[in-house]
Amino acid sequence: MHEGHADLNASADAVPPPNSGVVPDYPDLPSAVVERTAPAAAGAVGVLGSAGAGGPAAYLSRATRSAAFDPWPDSSVHVEWGRTGAALAAARGDVIVVVDVFSLSTTLSIAVSRDFTCLVYSGAEIESLGGPAMAALRLGARPPSRRRKAAAGQVSLSPASLLEAEPGQRVIFTSRNGASVVSAASKATAVLIGSPRNASACAAVAAQLMTSVRAGRVTVIACGEHWSSVDPAAIGTRPAAEDWIGAGAVCAGLADLGYSLSAEARLAAATWSHPTALPDLADCVSARELRAAGFAADVELALDVDADEKVPVRMAGEQTGRVFLGEAARDESAVCG
């Protein structure tokens with residue numbers, strides 16, 4: 001056992017009683033944090049133990065919630081997960097890149113390359129607008145498809161459906177994961193949609209937006225997947241390998257432009273740079289699920305690296321925060337100063 005943890009197994013007699021005003025010496029904690037952390041009340045539940053009369057668990061629980069700790073790094077690029085990560089990054093004024101590889105990010109990347117105007121709403125938001133048909137009427141757009149499999153010329157969440165659709169349409173898109181993250185990021189300074197298909201362009205546009213909106217950081221949000229995709233009875237969301245690797249593709253692009261990466265962003269970028277990244281993406285749960293459902297083409301389109309030069313970027317000044325247009329990187333260098 002690490003010697004710094006030796007006191008965690010000490011008897012209760014070695015710990016000052018609660019509300020005694022005496023702060024014990026815990027060598028694992030920064031002294032500034034310990035000094036600001038008052039002894040816990042009797043019965044408090046700590047992160048390392050059960051309810052009891054104070055003790056290391058109670059002090060550690062209080063200390064880890066101290067205002068002195070900021071989980072967001074000083075680096076220019078960070079990676080977080082899901083709706084909560086998006087909302088927290090938005091509140092901090094970060095430029096946000098949403099990554100939902102299978103399939104919203106891939107679909108929108110192809111859509112804006114075909115000059116679509118993309119309106120991204122979560123399912124709950126569409127229902128609040130009166131359902132798909134009423135939402136389409138109110139927003140002046142084609143309604144979202146309820147089925148992934150679309151007839152020729154129709155548009156759905158399937159990336160392959162975009163290839164035969166008439167260019168330049170105004171369409172509502174929704175998904176269980178990516179669209180809900182876009183909703184959570186609605187107050188962000190700027191929002192982009194990233195994927196392996198547009199990773200290099202996305203990094204360049206994100207870098208340019210950092211300058212134009214004077215943001216100090218890009219936070220890349222890996223959306224994750226609902227457990228129900230693999231077990232209909234399961235609830236909640238799970239990390240998704242494809243979104244982690246897709247986030248890494250964008251982070252690697254930003255690193256190439258000279259931006260500093262957080263530990264999470266470095267790990268994601270390293271995963272993307274691994275020689276088996278694309279084969280592993282093709283073999284992950286979500287990819288196998290799509291192939292089993294007859295959408296092998298959607299997997300292939302998602303893995304076509306840097307196929308698109310335009311990036312879905314939220315329209316500046318638009319009130320709903322849900323309208324995305326295609327934007328290409330400007331010619332000048334995006335390298336940070």
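Helices (H or I, at least four residues) and strands (E, at least two) are DSSP runs, numbered from the N terminus. You are looking at a predicted model, in which local features need pLDDT of at least 70 and side-chain atom pairs count only at pLDDT 80 or more, while totals for chains, interfaces and linings use all residues. Residues are numbered from 1 along each chain as its sequence is written, and side-chain values use heavy atoms, with hydrogens and water left out.

Select Val 230, in the loop between β7 (225-226) and β8 (237-238). Val 230 counts as partly exposed because its relative accessible area is 43%; the class runs between buried (under 20%) and exposed (over 50%), with a 1.4 Å probe and protein chains only.

**Stop two: a loop asparagine.** Next, pick Asn 198, in the loop between β5 (190-194) and α9 (199-212). Is Asn 198 buried or exposed? Asn 198 is buried, because its relative accessible area is 0%. Its side chain reaches the backbone nitrogen of Ser 195 at 2.9 Å, a polar contact (N or O atoms within 3.5 Å, one able to donate a hydrogen and the other to accept it; residues adjacent in sequence count only if both atoms are side-chain atoms). Beyond neighbours within four places in sequence, Asn 198 has contacts that include Ser 109, Lys 310 and Asp 308, where contact means heavy atoms within 4.5 Å.

**Stop three: across to Asp 308.** Asp 308 sits in the loop between α14 (296-302) and β9 (310-314) and is buried, at 8% relative accessibility. Show its side chain with that of Ser 113: a polar contact of 3.5 Å joins them.

**Stop four: the cores.** Finally, select Val 97, Leu 192 and Val 220, the residues with the most contacts inside the largest nonpolar core, which has 46 residues. Such a core is a set of buried Ala, Val, Leu, Ile, Met, Phe, Trp, Tyr and Cys residues joined through side-chain atoms within 4.5 Å. Colour α9 too, as it gives the most to this core, with nine residues.
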